[in-house]
There are 2 protein chains.
Amino acid sequence: MKKLKIGIVGLGKRGYDVLENVLVELDNIEITALCDVYDDRVQRASDHINEKCGYRPSLNTADYKEVIDSNDVEAIMIFAAWEMHVPVAVYAMKKGKCVGLEVGGAYSIEQCWELVKTYEETKTPIMMLENCCYGRREMMLLNMIEQGLFGTIVHCDGAYCHDLRNEVSNGIKNRHYRFRNYKNRNCENYPTHELGPIAQMLGINKGNRMVSLISVASKSAGLHEYIMKNYPDDETLVNTVFEQGDVITTIIKCAHGETITLTLDTTLPRYYTRNLCVHGTKAFYDERNNSFVFDGEELDEFNWKPNWDNGEKYAEQYDHPVWKEYLKQGVQKGHGGMDYLVVKDFVECVIENKPMPIDVYDTVSWMCITPLSEKSIILGNQMVEIPDFTNGKWVKE
Amino acid sequence: MKKLKIGIVGLGKRGYDVLENVLVELDNIEITALCDVYDDRVQRASDHINEKCGYRPSLNTADYKEVIDSNDVEAIMIFAAWEMHVPVAVYAMKKGKCVGLEVGGAYSIEQCWELVKTYEETKTPIMMLENCCYGRREMMLLNMIEQGLFGTIVHCDGAYCHDLRNEVSNGIKNRHYRFRNYKNRNCENYPTHELGPIAQMLGINKGNRMVSLISVASKSAGLHEYIMKNYPDDETLVNTVFEQGDVITTIIKCAHGETITLTLDTTLPRYYTRNLCVHGTKAFYDERNNSFVFDGEELDEFNWKPNWDNGEKYAEQYDHPVWKEYLKQGVQKGHGGMDYLVVKDFVECVIENKPMPIDVYDTVSWMCITPLSEKSIILGNQMVEIPDFTNGKWVKE
């Protein structure tokens, strides 16, 4: 079997995670190039591949262009800092190297158009590696929606709730891009984990599209209080003013009247959730207590606890076929198994030259939320339009 | 003991509920007048008072002015249709009759100013009877916040989630005001159940104020689909176009940078919740799974179920003193006991001439959300300013 030759750009926390949990386990790829601006990260990755797979990638570099230009690389996966996602992807597409792009928001709308236009000119396949589109819960809901069980969907909620105070505060030390982003920007900086699955449920770019959004930021208090408590002697940190609000709420409107709310909540004490919530005319689902309600169900008027966690019961019946099979075969490591599914899908689509399940239009529709939310906040919470990156190709009979 | 002489204006569902669950149980009041535009409602209420208390109110009328003008009435309680709340309250204040005002949104900002100005001219006590400010959960959180356990609060969520499809669809038959409101308007029509408690937590009108809001409405699909399924032969209903969106999301900004989201969700299948959520720098609470997280707590990174329902555990420790006492004495009927507490507080404040716990400024700050959300939606989801009804009296050192 011929193996797909992959170059990895970006070997920080996320890149190394995917390497360790998924890539070294796949037998249809060969990692031929490693790239990071920090040499020790490249070395650690090389060591790990050597240990697990018995070879070392021949190209090790700090220059992503070298990876892309290499004749020994057919596809690249980008796990670099957010700022580098689009430049690296565009360069790769121009050179005809397929792109697997880790999640993250864009920095401008122009950048999104550049991705689209480069794709349309080159037809080089690109896919956003949105692992949450492969989550068991998300795929189950998508499956139920496709079966019509929710009726007309009128509203969805999603969130990225993750206490990142430790990660952000240690960003300088750990060379993590979140520090500089939280210091300088104020926006929905990480929308795709929740929005990707919701966009699929609402048929975005496939008969529907997102038309406008508004974002509102709360004050920024969480990081500073955390630093004063935990690092009171670190003068740099104590004196850092973070522009990023603690909670960013975004409301998106879609072409057919659906609304979506997104919440970014990453600098306060809390547990991790994505708070997926689907409101249809025939059913309701809330991840926060994993409960379904179906139209016509008899309910206690003011007691909803009997429904808590009934998602467990329905999972058996409604799990997506992909997950039914996956559970049989044995779920792999990496965020409850979804990392494996998304990477596997990307690799197979490249090898078999199949259309990308998350294509360039999906990718930019989700990434553009970040600069648009930034714009809305800068303009005093104005409603701003979301471009139609498909130039009309979303319209269906 | 001299009893407070009360006239009741509005004896539909809510007015009769409060009469039945609370008023006939109080021994410090006498109901001296009954008013409703429908005579049968007055008759039913009179019968109930006679059965439970052994007397009949001497005044029975369809004209609220007669009630207010009566020498035998010292205070009135208004449970009439939303449209009548302010006119009746203003007339009563001008005549020096204390007002207990059932919850509901206003129809215009001018109407809110009229309440304020009438109060400032007459000093007649008025209180919004917001029962949810007396809920056990809400008062526990307020108690914890006042003890500093949440640190700096940066964001709160609240909602009125209640499947009212049956009530609205049968509104003509049942002479219920929701039908005409849902047919003609599109707004956050019922904000106070969740906003009242949140406003108290954020010190609104007491060192803080709400400065602006934006509202976004989803499409309206729930009522029509419900009617097509349940009343397909009712031509009037089948042909009714409801302007009210199924889900209305509102984001409010406060003077000190806090944000509040409100969700109105009343025309889709679901259980009842108010979804109270408090995000502070030292603690987090979510009603949807009744869970607290405190800063520094060790958590499973991606599993929050261990925290579900830990609110039960904390209740013992942090119940508000009012509820600790109430639980000892025995909780009364009416929405889990809170109806009794709010009415009792109102009656005692009138009898003892104490300041109203929910005063005219609180009342209009909460009611004004309705016309402002309507305006925001009409103007294409513009951010609109929230007036300072205190004219600066909210500012504290």
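1. How many helices and strands are there in chain A? There are 16 helices and 14 strands in that chain. The model is predicted, and this should be kept in mind for every point below.

2. The overall form of chain A comes next. Its radius of gyration is 21 Å, and the globule rule gives 21 Å for 397 residues, so chain A is as compact as a globular protein of that length. The C-alpha trace of chain A spans about 65 × 55 × 40 Å along its principal axes.

3. How much of chain A is buried? Of its 397 residues, 63% are buried. The accessible surface of the chain is about 15,100 Å², and carbon and sulfur atoms hold 46% of that area.

4. Among contacts with a separation of 6 or more, 74% are between residues 24 or more positions apart.

5. Charges in chain A are counted as 43 positive and 59 negative. The mean position of the positive charges and that of the negative charges are 2 Å apart.

6. Helix α4 of chain B covers residues 85-94. Is this helix largely enclosed or exposed? Eight of the 10 residues of α4(B) are buried, so the helix is largely enclosed by the rest of the structure. The buried residues are H85(B), V86(B), V88(B), A89(B), V90(B), Y91(B), A92(B) and M93(B). Just after α4(B) comes G96(B), which has a positive phi of about 75°.

7. H85(B) belongs to that helix. Its relative accessibility is 1%, and a residue under 20% is called buried, so H85(B) counts as buried. Which backbone oxygens does the side chain of H85(B) reach? One is the backbone oxygen of A80(B), at 2.9 Å. Another is the backbone oxygen of E102(B), at 3.3 Å.

8. Leaving out residues up to four places away in sequence, H85(B) touches I78(B), A80(B), L101(B), E102(B), V103(B) and G104(B). H85(B) and E102(B) are 17 residues apart in sequence, while their C-alpha atoms are 7.8 Å apart in space.

9. A histidine in the other chain, H279(A), lies in strand β11 of chain A, which covers residues 277-280. H279(A) has a relative accessibility of 4% and so counts as buried.

10. Apart from residues up to four places away in sequence, H279(A) touches T152(A), I153(A), V154(A), H155(A), D157(A) and F284(A) in chain A. In chain B, H279(A) touches V247(B), D265(B), L268(B) and R270(B).

11. Where is Y160(B) found? Y160(B) is in strand β7 of chain B, residues 153-161. Y160(B) is buried, with a relative accessible area of 5%. As for G337(B), Y160(B) is 177 residues from it in sequence, and the two C-alpha atoms are 19 Å apart.

12. The last two points concern backbone angles. Most residues other than glycine have a negative phi. What is the phi of N290(A)? The value is near 50°, which is positive, and the residue is not a glycine. N290(A) is in the loop between β12 (283-286) and β13 (291-294) of chain A. At 8% relative accessibility, N290(A) counts as buried.

13. N290(B) also has a positive phi, near 50°, and is a residue other than glycine. N290(B) is placed in the loop between β12 (283-286) and β13 (291-294) of chain B. Its relative accessible area is 7%, so N290(B) is buried.

Terms used. Residues are numbered from 1 along each chain as its sequence is written. Chains are lettered from A and ligands numbered from 1 in the order in which they are written. This is a predicted model: local features need pLDDT of at least 70, side-chain atom pairs count only at pLDDT 80 or more; totals for chains, interfaces and linings use all residues. Side-chain values use heavy atoms; hydrogens and water are left out. Helices (H or I, at least four residues) and strands (E, at least two) are DSSP runs, numbered from the N terminus. The radius of gyration is taken over C-alpha atoms; the globule rule is 2.2 Å times the number of residues to the power 0.38. Buried means under 20% relative accessible area, exposed over 50%, partly exposed in between (1.4 Å probe, protein chains only). Contact means heavy atoms within 4.5 Å. Accessible areas come from the Shrake-Rupley method with a 1.4 Å probe; for residues, only the protein chains shown count as cover. Lys and Arg count as positive and Asp and Glu as negative; His and the chain ends are not counted. The place of a charge is taken as NZ of Lys, CZ of Arg, CG of Asp or CD of Glu. A polar contact is a pair of N or O atoms within 3.5 Å; within protein, one must be able to donate a hydrogen and the other to accept it, and residues adjacent in sequence count only if both atoms are side-chain atoms.
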